[in-house]
Amino acid sequence: MWKINELSRINIVRKINKRKGKIYLFLDFDGVINILGNLEDLENEEEYDFCDAKAVKRISDLCLNFDIDIIISSSWRFSGLDFCREYLVQHGLDEKVRVSDVTQSVSLMSREEDILQYLYEHE
């Protein structure tokens, strides 16, 4: 398992900070764009959609205005990149926004370590 200590973390962040150019948004779904509403609504609806389309629209605008690529770091990544991309577009993400990858970790590392590993492995 890829585990980083504090000194390694500092060195990785320094290496990442030296690279200029591309901006990535590491997106989690649950609690960010997927918000669980009133539980009574779940009982009254055959199919409950808990995606916050306004949040997806804000992310879309941010990515288009600042040329940001989305990397899926959510557990939803295990459904595949195409599934995640379609889900986001279905809920308001502009098709011009690049949803370009998913983090690859399948271990129990923290989200921070998973993202740092991704940045370290992708120049």
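Residues 24 or more positions apart make up 72% of the contacts in the protein chain with a separation of 6 or more, contact meaning heavy atoms within 4.5 Å. The model is predicted: local features need pLDDT of at least 70, side-chain atom pairs count only at pLDDT 80 or more, and totals for chains, interfaces and linings use all residues. Numbering starts from 1 along each chain as its sequence is written, and side-chain values use heavy atoms, with hydrogens and water left out.

**Whole chain.** Start with a cartoon view. The protein chain has five helices and three strands, in the sequence pattern α-β-α-α-β-α-β-α. These elements are DSSP runs numbered from the N terminus: helices are H or I with at least four residues, strands E with at least two. Switch to a surface: the accessible area of the protein chain is about 8200 Å², of which 51% belongs to carbon and sulfur atoms, by the Shrake-Rupley method with a 1.4 Å probe; for residues, only the protein chains shown count as cover. Of the 123 residues of the protein chain, 36% are buried. Buried means under 20% relative accessible area, exposed over 50%, and partly exposed in between (1.4 Å probe, protein chains only).

**The sheet.** Select the three strands. They form an open sheet with parallel pairing, in the order β1-β2-β3; two strands pair if DSSP finds at least two bridges between them. β1 (23-27) and β3 (99-102) are at the edges with a single partner strand each, so one side of each has no neighbour in the sheet. On average, neighbouring strands of this sheet are turned by 35° against each other, direction ignored. Axes here are lines fitted to C-alpha atoms, for helices over the stretch in contact, and angles run from 0 to 180 degrees between N-to-C directions.

**Strand β2.** Next select residues 68-72, which are β2. Five bridges join β2 to β1; tyrosine 24 has aspartate 69 in β2 as its bridge partner. Three bridges join β2 to β3, with valine 99 in β3 as the bridge partner of isoleucine 70. Which residues point each way from β2? Ile68, Ile70 and Ile72 point one way, Asp69 and Ile71 the other, and all are buried. Because five of the five residues of β2 are buried, β2 is largely enclosed by the rest of the structure.

**Helix α4.** Select residues 81-90. This helix, α4, lies across β1, β2 and β3, at about 135° to β3.

**The core.** Show side chains for Phe29, Ile33, Ile70 and Ile72, which have the most contacts inside the largest nonpolar core, a set of 20 residues. Such a core consists of buried Ala, Val, Leu, Ile, Met, Phe, Trp, Tyr and Cys residues joined through side-chain atoms within 4.5 Å. Elements that give two or more residues to this core are β1, α3 (53-66), β2, α4 and β3; α3 gives the most, with four residues. Leaving aside neighbours within four places in sequence, isoleucine 70 has contacts that include Leu25, Leu27, Ile59, Cys63 and Leu93.

**Last stop.** Select aspartate 67, in the loop between α3 and β2. Aspartate 67 has a positive phi of about 55° although it is not a glycine. Its 45% relative accessibility makes aspartate 67 partly exposed.
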